[in-house]
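Dear colleague,

I am handing over the structure below, together with an account of what was found in it. Please have the sequence and the model open side by side as you read.

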Amino acid sequence: MPRQSPGQLDPATRQALVERVRFYRDLGLTEFYRRPVDPALLVSEPIRAEHEGAQPALFQPAPLKEDQPIPPRTPISTPPQISAATPSADRAAALQLIREDIGDCTRCALHKGRHTIVFGDGSPTARLMFVGEGPGADEDAQGIPFVGRAGQLLNNMIAAMGLKREEVYIANVVKCRPPGNRTPEPVEANTCSPFLFRQIDVVRPQVLVALGATAATYLLGQRQPLAGLRGRVHAFRGTQLVVTYHPAFLLRDPRQKKEAWADLQIAMKELGLKPPAKG
Ligand code: URA
């Protein structure tokens with residue numbers, strides 16, 4: 001297929017390329033592409049400011065409320081039939097059973113505003129799994145996690161790790177969109193998270209990345225500022241858990257991308273993945 005210049009690309013592809021090049025540039029990775037990057041893709045600061053200024057304030061990590069304890073989670077067990085050797089098709093079937101258990105869920109109030117249950121996406125045998133907070137408008141419409149702007153950034157993060165999105169597994173703490181993208185209430189998160197834990201037990205990723213404070217809180221069962229949880233590996237349900245910023249937060253504060261990249265490199269080390277060459 002002949003290579004297209006950026007001017008010939010359709011707007012969505014061009015925007016995705018712009019985001020990816022910008023992401024690498026923010027990380028200080030300027031030689032990631034084998035071919036020289038078209039300067040037209042390195043958008044100027046005024047365009048960046050305009051673009052980011054247009055962002056709605058989605059998924060702001062919620063302020064920690066000490067007076068709001070995390071209610072106990074429903075205990076769940078590892079499905080005994082899943083082992084490290086269980087083939088992909090069996091795990092896909094096990095995930096389908098979890099989806100069927102969820103059904104047309106009305107277990108918490110979030111069902112009232114949702115269009116689609118956003119179950120999860122990716123490889124049932126992924127070595128790396130990402131956990132976000134909950135679906136936004138795009139995800140609620142499409143039924144797939146991380147397909148909006150935060151998803152585009154997550155895709156870039158995955159690509160920077162040397163992986164394809166289809167190789168990882170992605171899910172959220174809650175499977176229905178919270179109204180106005182608010183942070184899920186503890187009762188909602190604790191009603192829904194047992195299904196997430198079952199997904200983790202089926203996929204059995206080597207490394208789990210918690211994206212933001214909500215994912216970290218409900219995976220680890222402790223409410224702590226992200227600063228206290230980032231930068232190290234936590235043992236969790238037989239996986240190595242790494243905590244980093246939520247991509248939506250990184251869209252609002254791109255200066256933190258370097259910190260997020262440092263977190264992803266911890267995950268890469270656990271997975272035996274080599275960081276790409278530095279520019
Ligand atoms: N933010 C999330 O936490 N999850 C999604 O699926 C999309 C945006």
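Arg237 is partly exposed, with a relative accessible area of 32%, where buried means under 20% relative accessible area, exposed over 50%, and partly exposed in between, using a 1.4 Å probe and protein chains only. This is a predicted model, in which local features need pLDDT of at least 70 and side-chain atom pairs count only at pLDDT 80 or more, while totals for chains, interfaces and linings use all residues. Residues are numbered from 1 along each chain as its sequence is written, and side-chain values use heavy atoms, with hydrogens and water left out.

Arg237 lies in the loop between E5 and E6, and its phi is near 45°, a positive value in a residue other than glycine. Most residues other than glycine have a negative phi. Phe146 also has a positive phi, near 50°, and is found in the loop between helix H4 (137-142) and helix H5 (149-160). Phe146 counts as buried, because its relative accessibility is 5%.

**The chain and its sheet**

The chain has 10 helices and 6 strands; these are DSSP runs numbered from the N terminus, with helices (H or I) of at least four residues and strands (E) of at least two. Buried residues make up 47% of the 279 residues in the chain. Of the contacts (heavy atoms within 4.5 Å) with a separation of 6 or more, 74% are between residues 24 or more positions apart.

The open sheet of 6 strands has the order E1-E3-E2-E4-E6-E5, with mixed pairing, where two strands pair if DSSP finds at least two bridges between them. Strand E1 (121-122) and strand E5 (233-236) stand at the edges with a single partner strand each, so one side of each is left without a neighbour in the sheet.

Strand E2 (residues 128-132) runs parallel to strand E3 (residues 169-172), to which it is joined by 4 bridges, and Gly132 has Asn172 in E3 as its bridge partner. E2 also pairs with E4 in the parallel sense, over 4 bridges, with Val131 opposite Ala210 in E4. E4 in turn pairs in the parallel sense with strand E6 (residues 239-244) over 5 bridges, and there Val209 has Val242 as its partner.

Is strand E4 (residues 207-211) buried or exposed? In E4, 5 of the 5 residues are buried, so the strand is largely enclosed by the rest of the structure. Both of its faces are covered, with Val207, Val209 and Leu211 on one side and Leu208 and Ala210 on the other.

Helix H3 (residues 88-102) packs against helix H6 (residues 186-203) at an angle of about 170°, with their axes 9 Å apart; axes are lines fitted to C-alpha atoms over the stretch in contact, and angles run from 0 to 180 degrees between N-to-C directions. H3 is therefore roughly antiparallel to H6, a term for angles over 145 degrees. Among the residues making the contact are Leu95 and Ile98 of H3 and Phe195 and Val202 of H6.

With kind regards

Note on methods. Angles under 35 degrees count as roughly parallel, over 145 as roughly antiparallel, 65 to 115 as roughly perpendicular and the rest as oblique.
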